[in-house]
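I opened my notebook to look through this structure piece by piece. Here is what I looked up.

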Amino acid sequence: MPNSQLRIVIVGHVDHGKSTLIGRLLNDTGSLPDGKVEQVQEMSRKRGMPFEWAFLLDALQAERDQGITIDTTQIHFKTKQRPYVIIDAPGHTEFLKNMVTGASQADAALLVIDAGEGALEQSRRHAFLLHLLGVRQVSVVINKMDRVEFSQARYETVAHEIKEYLSELGLFPKAVIPISARHGDNIVSRTDQAPWYLGPTVIEQLDSFRQQQVSPDQPLRFPLQDVYKPDDRRILAGRVESGRLKVGDTLRFAPSGASATVVSIEAWNNPNPVLSAQAGQSIGVTLDKRIFAERGHIAHHEDAAPTLTHRLSVRLFWLVSEPMALGKTYTLKIATAEHRVTVEQVTAVINVEDLTSTPGKAVHRNEVAEVVLRSRSPIAVDLAADLPRTGRGVLLDGNDVVGGCLVIEAEDSASANL
Ligand code: GDP
């Protein structure tokens, strides 16, 4: 079976070389149409500008924009091992929003840092986002090594600093690779300019990443997207986000507490009914009795329920110019459920430079904070550290996405009421 595609995201401070690296990856893996580079080089010459790989990306983008079917934010390339898609890159206006909403669910990330400049605030903010979004497979590339004469000492300094920062976020880069994106060093082919570096090239590193694991061995979470009544049957449809379920299982639904037994499972990609389904599959189930269940409810097994809460702490990333304010009400979307929540406390505004924090009253654009949210209706959640799919949410103000968050603590309403 061919390896399926790995979804990667390339992040880092503006001008540190993300576009150049992408251009290189496409070129050096032979993923570009014939003559494309020459065409853009010729165009640059005519305009009296030095060739930049970023121009090539712009040219590809323009061609795609004229096409009808190709998704404009996705860039594809292939290695001998497998296909890749770069699902987003900073610079796209929607980048942060896509990352925060999970529209760009990446299997792995490359963090690009300029060897001369080291990690700047934006580098750290992007690293924080990777942490917030649960992207665990991260590698760092220290770019523009040609500008520092491939100095091992400079490499060590920058590598040490960023590794220290990442480790405080629980991120342990698989490799820190010295490269020159402009000259193609250590991207596909190993450079002879840094004999002191014994680690992988960028491509070797990418090929060693795994696809983000779906988790059939974790507790079952089956958030309902819809309930259909095609005939006399009633089909509860959704995507299994973690764990597995089988015909004959007794399911309980949060937050209603109703329970029923699975009579049949239909997988949309399979014409025949199936006996079981697991994380990652979109399915429909029928039950042995009619219970109250609707979009937003989460089916689980009796012995491993999500927490039902009216009060939860989240770590959040704020996207918009209007600050998040104490006492204000937003819509919290977790899995398929939506709840009205009020900001009860801004416990900490985190300084992404040094990860120190201070209490506050508001959270401003591009800031990271820990806040306490309160809801009138019970919310079924998990801690993001345990089950990210049902522990991560998006905040909306009206219809606008204003922030993304991870659940870090949830007060159990059942025990609070005892
Ligand atoms: P982005 O904003 O992160 O996408 O950065 P770009 O890829 O557009 O690069 C910014 C500038 O740095 C451009 O002028 C590139 O030519 C230059 N650059 C990128 N990589 C290298 C490199 O490895 N060495 C040198 N000397 N310049 C580079």
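**Entry 1: helix H6**

Which strands and helix do the buried residues of H6 pack against? I looked them up and found strand E4 (108-114), helix H5 (121-132), strand E5 (138-143) and strand E6 (176-178). I note that this is a predicted model.

Next I checked the helix itself. H6 covers residues 152-168, which is 17 residues. From its first C-alpha to its last it reaches 24 Å. That is close to the 24 Å expected at 1.5 Å a residue.

Then I asked which residues of H6 are buried. I listed Tyr155, Val158, Ala159, Ile162 and Leu166. Looking down the axis of H6, I saw these buried residues fall within an arc of 100 degrees, so they line one face of the helix. I turned to the other side of H6 and found exposed residues there: Ala153, His160, Glu164, Ser167 and Glu168.

What follows H6? I found Gly170, and its phi is positive, near 80 degrees.

**Entry 2: helix H1**

I moved on to H1, residues 18-28. Is H1 mostly covered or mostly open? I found it mostly covered, with 9 of its 11 residues buried. I wrote down the names: Lys18, Ser19, Thr20, Leu21, Ile22, Gly23, Arg24, Leu25 and Leu26. After H1 comes Gly30. Its phi is positive too, near 70 degrees.

**Entry 3: the ligand**

How many residues surround the ligand? I counted 17. The closest are Gly17, Lys18, Ser19, Thr20 and Arg182. I sorted the shell by type and got 3 nonpolar, 7 polar and 7 charged residues.

I ended with some strands. In which sense do E10 and E11 pair? Strand E10 (residues 250-254) and strand E11 (residues 259-267) are antiparallel, and I found 3 bridges. One detail I noted is that Arg252 has Ser259 in E11 as its bridge partner. The hairpin of E10 and E11 has 4 residues between the strands. There, Gly257 takes a positive phi near 85 degrees.

I then followed E11 to strand E13 (residues 282-287). These two run antiparallel, joined by 5 bridges. For Val262, I found the bridge partner Leu287 in E13.

How values were computed. Residues are numbered from 1 along each chain as its sequence is written. This is a predicted model: local features need pLDDT of at least 70, side-chain atom pairs count only at pLDDT 80 or more; totals for chains, interfaces and linings use all residues. A residue is near a molecule or strand if its C-beta atom, placed from the backbone, lies within 6 Å of it. Ala, Val, Leu, Ile, Met, Phe, Trp, Tyr, Cys and Pro count as nonpolar, Asp, Glu, Lys and Arg as charged, and the others, Gly among them, as polar. The expected span of a helix is 1.5 Å times one less than its number of residues. A residue is buried if 20 or more other C-beta atoms lie within 10 Å of its own, exposed if 12 or fewer, and partly exposed in between; C-beta atoms are placed from the backbone. The arc is that of the directions from the helix axis to the C-beta atoms. Two residues are in contact if their C-beta atoms, placed from the backbone, lie within 7 Å. Two strands pair if DSSP finds at least two bridges between them.
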